[in-house]
Amino acid sequence: MERSCPVLVAPAMDVGMFEHTATQANIKLLAERGIYFAGPEEGRMASGLVGRGRFVEASDLLGHIRLLLGKNGTLAGKKVVVSAGGTQEPIDPVRVIANRSSGRQGFALAQAAVDAGAQVMLVTGPVSLKPPVGVELRPVQTAAEMLEAVLETCAGAEALIMAAAVADFQVKKPAEEKLKKQDGIPKLQLAPTPDILQKVAGMGKKRPKVVVGFAAESQDLLENAARKLEAKKLDVIAANDISASDAGFGVETNRITLLYPDGSREALPLMGKEEAAEILISRLAALLEAA
Ligand code: C5P
């Protein structure tokens, strides 16, 4: 009887064995029969030899399993762009204007989109997180770089989720050399950064079908979020109150209210960013289905 479930193989063997012609020929045959492979990785083996043959990291193996199990999910075959993390605007070659975004919510959204079968492009500011297995990573630093990457990846994408904390100001003329303390306090002239969601709104017919924004506010949360929903022409905005110590920037939990253009709202209780991401992705799938 033919099996009906996917099969994933994570090979591990000593240096030289994986590259051997016989092994490669067998792997090719199995791949042709629809078997998936994860690894092996480069590194040091138990024998002390260094090369390709190490068992893939457990967290990566889990990532490969999620990628495989998501293949027929609600977003199967759909291209989804997710932005994450905070941008950094240079002051001089070593200093930047940054913010407290950890990138956790955006990365959790990218993972949830992979779990649902999407082809995910993850545009991220500098963060210290491991990207989900299966995403196409586009690392950027500044708001201007993020704009370029988002516009490029949005071409042909079904959905955009802007979870990134994009800087609102940039230094007009960053110094070419490191600013010296003995030269006194520098007078930084700031200029606005481009609003990425506004530019996406201006893409016309090429704009992704569903665009999701975030509003991180420390006051008048829902009023400000509703205003941004309209101004940035969003299909849904996730409002999170960053004044609470258990939600928003730098913590592992979030308390989000979703606002829609027809005035409806869905207040989610305090939950892990992963769980919040799963709910948001299921709402996104429903919006895409209806679009
Ligand atoms: O206007 P505000 O920054 O509060 O709006 C938040 C939403 O707008 C987020 O989804 C954020 O990613 C996006 N944004 C943007 N370009 C900016 C600033 C924010 O797309 N320059």
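Author: Gladly! Let us start with Q105, which is found in helix α3; helices here are DSSP runs of H or I with at least four residues, strands are E runs of at least two, and both are numbered from the N terminus. This is a predicted model, where local features need pLDDT of at least 70, side-chain atom pairs count only at pLDDT 80 or more, and totals for chains, interfaces and linings use all residues. Residues are numbered from 1 along each chain as its sequence is written, and side-chain values use heavy atoms, with hydrogens and water left out.

Reader: What makes Q105 count as buried?

Author: Buried means under 20% relative accessible area, exposed over 50%, and partly exposed in between, with a 1.4 Å probe and protein chains only. Q105 has 8% relative accessibility, so Q105 counts as buried.

Reader: Which residues is Q105 in contact with, leaving aside neighbours within four places in sequence?

Author: They are F214, N254, I256, K273, A276 and A277. Contact means heavy atoms within 4.5 Å.

Reader: Why is α3 called oblique to α7?

Author: The axes of α3 (residues 104-115) and α7 (residues 273-290) come within 8 Å and cross at roughly 50°. Angles under 35 degrees count as roughly parallel, over 145 as roughly antiparallel, 65 to 115 as roughly perpendicular and the rest as oblique. The crossing angle of roughly 50° therefore makes α3 oblique to α7.

Reader: How do the residues of this contact divide into nonpolar, polar and charged?

Author: There are 8 nonpolar, 1 polar and 4 charged. Ala, Val, Leu, Ile, Met, Phe, Trp, Tyr, Cys and Pro count as nonpolar, Asp, Glu, Lys and Arg as charged, and the others, Gly among them, as polar.

Reader: How do you know that L284 is buried?

Author: L284, found in helix α7, has a relative accessible area of 3%, so L284 is buried. Not counting residues up to four places away in sequence, L284 touches L75, V80, A159, I161, V210 and V212.

Reader: What makes a nonpolar core?

Author: A nonpolar core is a set of buried Ala, Val, Leu, Ile, Met, Phe, Trp, Tyr and Cys residues joined through side-chain atoms within 4.5 Å. The largest one has 37 residues, and those with the most contacts inside it are L75, L109, I161, I281 and L284. Helix α7 gives the largest share of this core, 8 residues.

Key: Axes are lines fitted to C-alpha atoms, for helices over the stretch in contact, and angles run from 0 to 180 degrees between N-to-C directions.
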